[in-house]
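I wanted to look up the pockets in this structure and what lines them. My notes follow.

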Amino acid sequence: MTVKLHGFWYSPFTLRVVWTLNLKGIPYENIEEYRFNKSPLLLQYNPIYKKTPVLIHDGKPICESMIIVEYIDEIWPHNSLLPADPYDRAQARFWVKYVDELISAIEPFLNSISGEEREKARENLWERLKVIEDWCLDDKKKLYGGDTINIVDIALGSFVKFIEIQEDMFEVKVLQSERFPRLHLWFNNFKDVPVIKGNTPGQEKLVAFGKCLIEKILVSF
């Protein structure tokens, strides 16, 4: 049985799969892709979207980060990420979908040119995050899944980490602790889990690379 992962080391979507594989203790071969020169294998394995991450399990490709996470959880059911109860499982999938839809709210923040545009984008993002603060997280639980990491923690953790990087890149605070106390507490608990902490690139490295990547993207247009 062979497991390979095609991804970008800095990508929040690749991180979801990296975290899941390591939480399960699954050995895998990491194949680092390059944004501006993707490998022929990646394009072969994901001809529709031509994106990372792609998991290769016994020669068969699986695409899209959260689909990969669920696949891994089904194939290797130990340390389960999805609740056993059907209702709780449905709720978890609901919040995973909500988190993935938050990407549309952060794109205007990334693409804003003026301070006024960025402030407007931040307020829109605040509205979306307030839903998570009020309805998704419970301050009586360490993580969404209780004491252990759940599929919602994986999805939300990658997204919040991505916001944290943007905060340092643009010097704009989004995740204000007084505005989002539950989200702030939850993220501190999540990123301190040894497997997460040990498999997440350092903040300074991510910020430096992010600034460099944006410059390259702007030059390419």
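I sorted the lining of the largest pocket by class and got 25 nonpolar, 9 polar and 11 charged residues. Here Ala, Val, Leu, Ile, Met, Phe, Trp, Tyr, Cys and Pro count as nonpolar, Asp, Glu, Lys and Arg as charged, and the others, Gly among them, as polar. This is a predicted model, where local features need pLDDT of at least 70, side-chain atom pairs count only at pLDDT 80 or more, and totals for chains, interfaces and linings use all residues. Residues are numbered from 1 along each chain as its sequence is written, and side-chain values use heavy atoms, with hydrogens and water left out.

I noted about 1,400 Å³ of space in the largest pocket. A pocket is an open set of points on a 1 Å grid over the protein atoms alone, where a 1.4 Å probe fits, with protein on both sides within 12 Å along at least five of seven lines; lining residues have an atom within 4 Å of a point. The volume is the space filled by probe spheres set on the points, which are joined across faces, edges and corners.

Of its 45 lining residues, Phe13, Arg35, Glu107, Leu110 and Phe162 are the closest to the centre of the largest pocket. H7 gives the most to this lining, with 8 residues; helices are DSSP runs (H or I, at least four residues), numbered from the N terminus.

I then checked the second largest pocket, with a volume of about 150 Å³. Tyr10, Tyr34, Arg35, Phe209 and Lys216 are the closest to its centre among 13 lining residues. H10 gives the most there, with 4 residues.

Terms used. Helices (H or I, at least four residues) and strands (E, at least two) are DSSP runs, numbered from the N terminus.
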